[in-house]
Structure formats: C-alpha cells, structure tokens
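Me: I would like to learn how to read a few features of a structure, going slowly and with the criteria stated. Could we look at it together?

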Amino acid sequence: MPHTLLITGPGGSGRTTVAAATAAAAARAGQRVLLLCAEDPWAAAGTPAPEGLRVARVDSGEEFRTELAALQERGATLLGMLGGTPLGAEELTELPGAEQFALLRGLRRAATAPATDLVVVDMPPLHQALTTLALPAQLRRYLARLLPAERQAARALRPVLAQLAGVPMPARWLYETAARWDEELAAVQAVVEAPTTRVRLVAEPGPAADAALRSATLGLALYEVPVHDLVANRLVPRDSADPWLAGLAARQAEYLARWGRDRPVVPLAHLGRDPGHPGELAGAEGLAPRLAPAPAARPGWPVEDRLAEDGVLVWAVPLPRAHKSELDLIRRGDELLLAVGPHRRTVSLPSALRRCTVSGAALTDGVLRVRFTPDPQLWPRAR
C-alpha cells in the first residue's frame, strides 16, 4: 500500500491549492504521485502536470448514478413485488452525502494503484473530512447490528417463517448486498487505519483557525489518525513598515509558536493575491512529505498494568488540548462509547479489559486515563 497524505483544513484555508502543490513538490522530488481531487488544477490552468504526477478525479454524480443503478438491478425482484418503478438514468441526481462515498471509493481505488509511492487526497473542510474518515467503521458497525451475518444461516427456514408471519422474509440479495458493502467498507477502513496514512492540516494563523484545529486534533486523536504536519498558509512579512501588517504578522507569529509546540509547521508566504496555479505558492518545494518507513501497524492506545500497585488496569487515550467538560464515556458490554466535543467513537475493548468493570477516569496532561478493575467472577483466580 502506498503512503497516503490526506489534506484538509478550515474552509477558505487554501487546502485544495496546497494539496495540488504538495503532489507537485513530491513528484519533483522523484516520487510517483497520484493526486485524488474533484477538479484537475493543471487542466483548469491549461498547463501540463509535472512528470511523475497523475491526477484522478472524483466524480460524485457519476459514482452515485452507477451505484444506484446497480442497486436497482440487484433488487429488481423485490421492487417488482412491492410495485415499485425503477428510476431511469436520466432521473438520477446525487443526494447529500454522495460526495463522501465517492471520495471513499476513490481512496480505495487509489490505494491499489500500481506504480504509486504517494497518494495525495484533497479532502473536504475539517469537520466533513473527519466524519468521512469515521464513516467506514461506523457503517460496518451498523451493518453488523442490523443485518448480522449469522442470520444468513437461517435462510432455509425463510419459506416456513414467511408462511407463519404472512410476509416475505428478507431476500438473499439483501444479505449479499450487505456483505458486498461490508467488504468495500473494510477495504476503505484498512486505508484509513493503515500506518502509512497521515493527515496534513492547512490553516491561516488566527483565532478561528486555532479553534477549528483544536477540535480537529481531538477528532483525529479519537479516530487514531496521525497528523504529519501543519501548513501555515498566507503568512504576511514580519518586517513590514506598515503598522497594520506588522500587527497581523505579530498575531500570526503568536499562533505559529503555539502550533509548533504540537507538530511540525511548514510556512507558506502570502502572495498578495490568490494563486492561479499550484506552482506559484512561495516555498512550495518544502511541501514534499517525508516518506519514512512505516511500522507494521499503528501502536494503538496502551494498556498500563497497575494490578500489583493499585489493583487496576489503565487504558490511556491521548486527547491533546481536551477539556473535562466536553468528555463523556459509556460502557456497553464489550464496547466503550467515547465522546469528545462533537466527535464520537465506539471502540471494542481489548480482551483483558472485557473482564473488568470501569472504576473511574481522569484527564491529565492531554491524556484520558480510564481505570478498569478486574471482575472477580471473570478474572482468573490467583493460586
């Protein structure tokens, strides 16, 4: 699987231009790059893309029409039984959310593209990008709950059940469709959770961007997607004689110093106008990402064994810059529901923690530590 760099940032931060400039810089550095985006910036500018760079467009409208037409064809028997009339291709217009699914399918295809070292993805703005990254795991969980695979084992009894209930039982195609969706979602989830996948944030230093980045950092930490670096875009000169520009530069420097404490920062100077081409960005050569060898898997959240000292196991969840007032957690069976601000995630407990009860939690130095006490009824007794 090639390295994947997901580019996102607050709306209006210039993330699309930075994504294209990142792909171009990586190609000029000798990497074989695939840029996944909605529009080809070089075609729009009427110039050829750099050597070693390929562009793959995400057409959400075409993706939606193709998928819905295929779904209608597979469910033709059920639609006929219900008296439904299939929609014609000319009637199909994409619905809200189609962009997210089209982007995920494009990401899945890009991850298996031959002769590719790096996939650069122009993601939506921050909040939508986070919900898109969380979508595969969430939908797989919903499918497993609503259409459990073990129900297929009872399909031989469906004719009998249909007679008893007086209504048709779910058709085989429904389970087959769910299995196909689960397979596709699993492939996308594998890309999102791969150790070679990272996020590059793009922001213009200021209070609004700082608040958006704090929320995004919490969401990325909750979903365990690592941040590669942050591109500080549209920086004004610090040595300007103009008092207004000097004040703006001082405020930008304040946020740059704060952001630099948490992650590497790549500065990009303000051009004084909107760039007409990705190659016009000042300092764009510094955007080529570092493709260091990735570990076999992401480390995950560590479980600290403190049974001997305190009689508990501690699950450490990094949540940088989180506040206690925006945290919530609920234990449900073998799962833990974690919420931080607008972000929510349901995670399966490690096997050792499933035999424990939650005895407390505390947020200290940007790490949520959840304490688990062994259940005497389930924990092996010491001799």
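This is a predicted model: local features need pLDDT of at least 70, side-chain atom pairs count only at pLDDT 80 or more; totals for chains, interfaces and linings use all residues.

Me: Which side chain does E224 meet in a salt bridge, and what parts of the chain does the pair tie together?

Reply: Side chains of opposite charge can pair when their charged atoms come close. The criterion here is a side-chain nitrogen of Lys or Arg within 4 Å of a carboxyl oxygen of Asp or Glu. E224 meets R345 in this way, at 2.9 Å from N to O. Because R345 belongs to strand β12 (residues 343-348) and E224 to the loop between α9 and β6 (227-235), the pair ties together parts 121 residues apart in sequence. The helices (H or I, at least four residues) and strands (E, at least two) are DSSP runs numbered from the N terminus.

Me: How many salt bridges does a search of the whole structure find?

Reply: The search of the whole structure finds 14. Among them is the one between R108 and E184, with the closest N and O atoms 3.7 Å apart. R108 lies in helix α5 (residues 98-111) and E184 in helix α8 (residues 172-192), so this pair ties together parts that are 76 residues apart in sequence. R108 is partly exposed at 23%, and E184 is partly exposed at 22%.

Me: What does R321 form with D210, and where do the two residues lie?

Reply: R321 forms a salt bridge with D210, the closest N and O atoms being 3.3 Å apart. R321 lies in the loop between β9 (312-318) and β10 (327-332), whereas D210 lies in helix α9 (residues 207-223), 111 residues apart. D210 counts as buried at 8% relative accessibility, while R321, at 31%, counts as partly exposed.

Me: In what order do the strands of the open sheet follow, and which are the edge strands?

Reply: Two strands pair if DSSP finds at least two bridges between them. Here three strands form an open sheet in the order β10-β11-β12, with antiparallel pairing, and the edge strands β10 and β12 each pair on one side only. Six bridges join β10 to strand β11 (residues 335-340), and L327 stands opposite V340 in β11.

Me: What kind of aromatic pair do Y255 and W259 form?

Reply: A pair of aromatic rings is described by the distance of the centres and the angle of the planes. Rings of Phe, Tyr and Trp (its six-membered ring) pair if their centres lie within 6.5 Å, and planes under 30 degrees apart count as stacked, over 60 as edge-to-face and the rest as tilted. Y255 and W259 form a tilted pair, 6.3 Å centre to centre with 45° between the planes. Both lie in helix α10 (residues 243-260), four residues apart, about one turn of the helix. Y255 is buried at 10% relative accessible area, and W259 is buried at 1%.

Methods
Residues are numbered from 1 along each chain as its sequence is written. Side-chain values use heavy atoms; hydrogens and water are left out. Buried means under 20% relative accessible area, exposed over 50%, partly exposed in between (1.4 Å probe, protein chains only).
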